[in-house]
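Dear colleague,

Please find the structure handed over below.

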Amino acid sequence: MRHFFLTIALAFVLSLAPPCGHTAEIPSESQLKAAYLYNFAKFISWPEDTFANEQDPLVIGVLGNNPFSKELAPLTERTVRGRPIKIMQFKKVEDIQACHLLYINPAIRQLEAVLKTLHGKPIVTVGDNKNFAHHNGMIQFVTRRERLRFIVNLDVAKSNRIKINSQLLSLAFEVLETEK
Amino acid sequence: MLQVMKNISTGLCVSLVTITAPPSYLWAADEEMLDLELSQLMQIQITSAGRKEQNLADVAAAVYVINQEAIHNSGATSIPEALRMVPGLQVLRMSSNKWAITSRGFNGVFSNKLLVQIDGRSVYTPSYSGVYWDVQNVVLEDVDRIEVIRGPGATLWGANAVNGIINIITKQSSDTQGGLISVAAGNHEDGIASFRYGAQLTEDTYGRLYVHRHDQDSYQHQADETDAHDDSQLSSGGFRLDGDFGLQNNWTVQGDLYHGDASQLIFPYWTANSPMPSTVDDQTESDGYNLLSRWQHKISETNTWTLQAYFDATERDEVYLGQTHHTFDLDFQHRLQWANLHDLVWGLGYRNISEEFANSYMVSINPAEKTSELFSGFIQDEISLIENTLKVTLGTKLEHNDYTGFEVQPSARLLWKATPNNTIWTSVSRAVRTPSRVEDSGKIVLEPLPIPPFPKISVYGNPELEAETVIAYEAGYRYSPSSVFSTDLSFFYNDYNDLADYRRIDMTSIMFTNGIEGHSYGLEISNQWRPLSWLTAELNYSYIELKMTSLDMSNQVFSISELVSEESSPKHQLSLRSSIDLSETVHFNILGRYVDQIQTSGQAAYSSGIIVDDYVALDVNIIWQPTKNLELMLVGQNLLDSNHLEFVHEYFIEATEVDRSVYAKLTWTF
């Protein structure tokens with residue numbers, strides 16, 4: 001038993017050595033979502049009439065509190081098909097004027113009513129809520145096997161006059177579409 | 001009842017303890033991620049909030065979980081070595097390739113009251129009632145966790161989960177992406193090499209492949225320090241595929257293949273013509289493969305079913321017996337949660353086992369070919385009497401086997417979360433162990449009578465043998481005042497009936513019979529302490545007392561079986577484990593354990609009554625990670641003495657001592 005306690009004591013003495021901090025940082029979900037939004041913008045075509053001219057910016061909006069303003073900021077220095085990107089935040093659905101891609105904060109109240117209001121408008125709605133895509137949301141984030149994926153409601157895209165590139169569709173975890 | 005149990009039994013991968021996987025990529029800035037293609041973004045693993053942390057405090061059973069981090073820090077080279085850290089488990093090595101592992105008593109080479117599963121596949125050998133640990137070797141880096149439940153789990157898992165269940169759960173292939181190569185060697189470890197590669201096959205399918213080789217050197221006999229001829233070589237390989245069909249379906253297909261050679265020096269070995277025993281330098285050859293598939297369908301968040309099927313083939317050739325088993329198992333489970341009040345799970349199972357034996361004079365089983373079937377069904381409801389405070393779990397299993405017919409295994413459990421930091425639970429359950437083929441229809445030659453013409457004494461199987469039963473009364477208390485300290489205490493009292501005993505029929509015949517009754521009681525305590533981010537310590541203690549009585553008059557004076565049951569498990573076990581991060585890249589781990597004295601008592605007179613002294617063993621290792629992808633590990637096991645005895649085989653292996661082992665390991669991920 002003497003050895004046992006001696007060694008334990010040694011372990012604790014050794015344990016007094018100063019430790020160093022941790023570095024390994026796992027990419028945050030917000031970072032990842034910002035990158036997804038940028039990619040969605042690249043693979044989606046909006047009706048021409050939603051832009052005033054060739055240099056008119058593509059607007060990425062956030063409805064409700066913006067959970068990733070920091071992560072979205074670098075996008076303003078990038079372009080999509082020659083158009084600059086503009087980030088906007090909307091408090092209420094009524095405030096939304098010019099907007100192409102809209103991330104809806106999951107904490108928003110009366111989501112179904114909000115989505116109903118936006119239905120038919122040429123806006124790509126993106127959300128996290130369960131059944132978002134089933135309630136007329138266009139793109140819903142889902143987590144599968146600790147990876148971020150997305151579901152597309154193609155019916156909503158069609159009625160909103162949004163064209164989604166087939167490459168993007170092929171990467172969707174699920175595509176919701178009523179039988180033609 | 002047990003959330004844990006459901007998860008395990010359905011093969012779901014909701015974690016008991018959240019395991020933070022090391023990041024597959026490191027991101028310096030948001031900018032870099034914006035440059036990635038969508039398909040690349042889809043491969044990035046996130047720590048999801050959706051991965052619910054299952055709180056151990058909510059389980060009404062004595063549960064202990066070894067997670068990947070603990071396995072890694074332990075320096076274990078095999079599953080049995082990793083099990084040494086579990087409080088209350090008796091893990092004793094009787095030779096380089098043979099282990100005696102049990103929960104709550106009755107330890108032996110064929111510890112028959114403990115059920116072991118790997119990814120939902122039973123590895124309990126029905127012919128001999130036990131687990132051949134020498135071939136249960138998985139790539140430890142790919143193990144997600146090992147869940148150990150002490151006490152009966154028969155309501156969910158069925159017969160033979162009398163004193164405990166060990167569930168070894170490997171990671172999903174989506175969690176083992178990329179390559180891993182590890183090599184290790186030392187004075188006892190002749191060489192361990194693992195290669196694993198995981199890849200995303202389609203957007204919704206992940207896979208991995210592995211090959212593994214583990215060679216171990218021999219130990220020495222205790223008596224004369226001669227070589228024990230117990231070296232072993234195991235080669236294995238396998239794959240796992242995991243995929244999704246939309247949000248509602250996920251599936252798994254996995255398989256393994258292995259070949260093992262394990263030496264054993266058998267003494268005494270008896271032949272028909274000679275009254276003198278001989279020694280045989282035998283080579284155990286084991287071959288096996290298995291294929292398992294599982295389909296899970298989520299009707300809603302609170303309504304899921306799982307269908308699992310597997311085929312498992314094992315072949316084991318030893319000089320005294322050759323065994324072939326083909327097992328087909330089909331399992332259906334449905335889980336339904338209703339209004340936060342009921343959590344109902346029910347299931348149906350079918351198992352078909354074909355056995356074939358190559359008999360010898362020493363051990364024979366007749367008929368040598370047999371197919372048996374097992375039908376089972378269970379239902380269990382976890383009822384919240386007061387939400388998040390008081391819940392009762394009632395359930396039962398009903399199964400039919402070819403040996404003892406219908407068996408009922410019910411349980412009732414009550415959990416009271418008095419405060420968020422204090423949990424009390426208690427349970428009563430019944431479990432059975434069904435007879436093995438040897439106990440039912442085998443014959444084992446023990447030794448000759450010491451009078452001419454030296455006829456041999458044999459133990460015969462008894463087709464009338466009934467199942468062994470236990471009624472287990474358990475209680476536990478968990479206290480976790482803060483994240484710094486927590487304690488988990490469990491008590492048990494087990495009442496056994498109809499335990500297998502030996503009854504002398506005539507001068508040369510002994511028969512298996514249901515002849516022992518008795519009880520055991522004890523406690524297990526596990527204390528976890530994390531005073532600092534870089535220091536963790538765990539102190540475990542367990543105590544067990546067994547009292548068995550042989551009902552057979554001829555056994556009253558001296559019952560080998562009583563002795564086997566009462567003395568084969570250490571009464572006191574104490575262990576202290578600590579992990580210390582010396583720096584960002586250097587980690588130090590230590591495991592010290594005290595194991596009380598035991599007395600082994602084999603059927604063969606020569607191994608009867610050997611006292612195995614108590615001992616203190618110390619494992620220490622240091623891990624250095626010079627870069628993200630490279631790791632060096634230096635491990636010392638059983639450092640305090642050059643060798644010590646832990647257990648003695650009951651039948652035909654001489655007392656063999658466990659050596660001090662030192663090995664170095666290099667792991668490279670890419």
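B:I192 stands opposite B:H214 in β10(B). These residues belong to an antiparallel pairing in which β9(B) and strand β10 (residues 205-216) of chain B are joined over twelve bridges; strands pair if DSSP finds at least two bridges between them. Helices (H or I, at least four residues) and strands (E, at least two) are DSSP runs, numbered from the N terminus. The link from β9(B) to β10(B) is a hairpin through two residues.

This is a predicted model, in which local features need pLDDT of at least 70 and side-chain atom pairs count only at pLDDT 80 or more, while totals for chains, interfaces and linings use all residues. Residues are numbered from 1 along each chain as its sequence is written, and chains are lettered from A and ligands numbered from 1 in the order in which they are written.

On its other pairing, strand β9 (residues 189-202) of chain B runs antiparallel to strand β8 (residues 178-186) of chain B, with seven bridges between them. A hairpin is formed here too, with two residues between β8(B) and β9(B). Within this pair, B:I181 stands opposite B:F195, and B:S182 stands opposite B:S194. In a regular strand the side chains alternate between the two faces of the sheet.

Elsewhere in chain B, five strands form an open sheet of mixed pairing, in the order β1-β6-β7-β4-β5. At its edges stand β1 (62-67) and β5 (121-122) of chain B; each has a single partner strand, so one side of each is left without a neighbour in the sheet. The pairing of β1(B) with strand β6 (residues 143-150) of chain B is antiparallel and covers six bridges. In that pairing, B:Y64 stands opposite B:V148 in β6(B).

A residue is buried if 20 or more other C-beta atoms lie within 10 Å of its own, exposed if 12 or fewer, and partly exposed in between, with C-beta atoms placed from the backbone.

Leaving aside residues up to four places away in sequence, B:I101 touches B:P80, B:L83, B:L89, B:Q90, B:V91, B:S111, B:L114 and B:W133. Two residues are in contact if their C-beta atoms, placed from the backbone, lie within 7 Å.

Chain A contains six helices and ten strands. Of its 180 residues, 37% count as buried. Among contacts in chain A between residues at least 6 apart in sequence, 55% join residues at least 24 apart.

B:F267 and B:P268 are joined by a cis peptide bond, with omega about 0 degrees; B:P268 lies in strand β13 (residues 249-269) of chain B. Another cis peptide bond joins B:P452 and B:P453, with omega about 5 degrees. B:P453 is placed in the loop between β23 (442-448) and β24 (456-460) of chain B.

A:E146 is partly exposed, with 16 other C-beta atoms within 10 Å. B:H229, also not a glycine, has a positive phi of about 50 degrees and is found in the loop between β11 (220-221) and β12 (232-245) of chain B. B:H229 is buried, with 21 other C-beta atoms within 10 Å.

With kind regards
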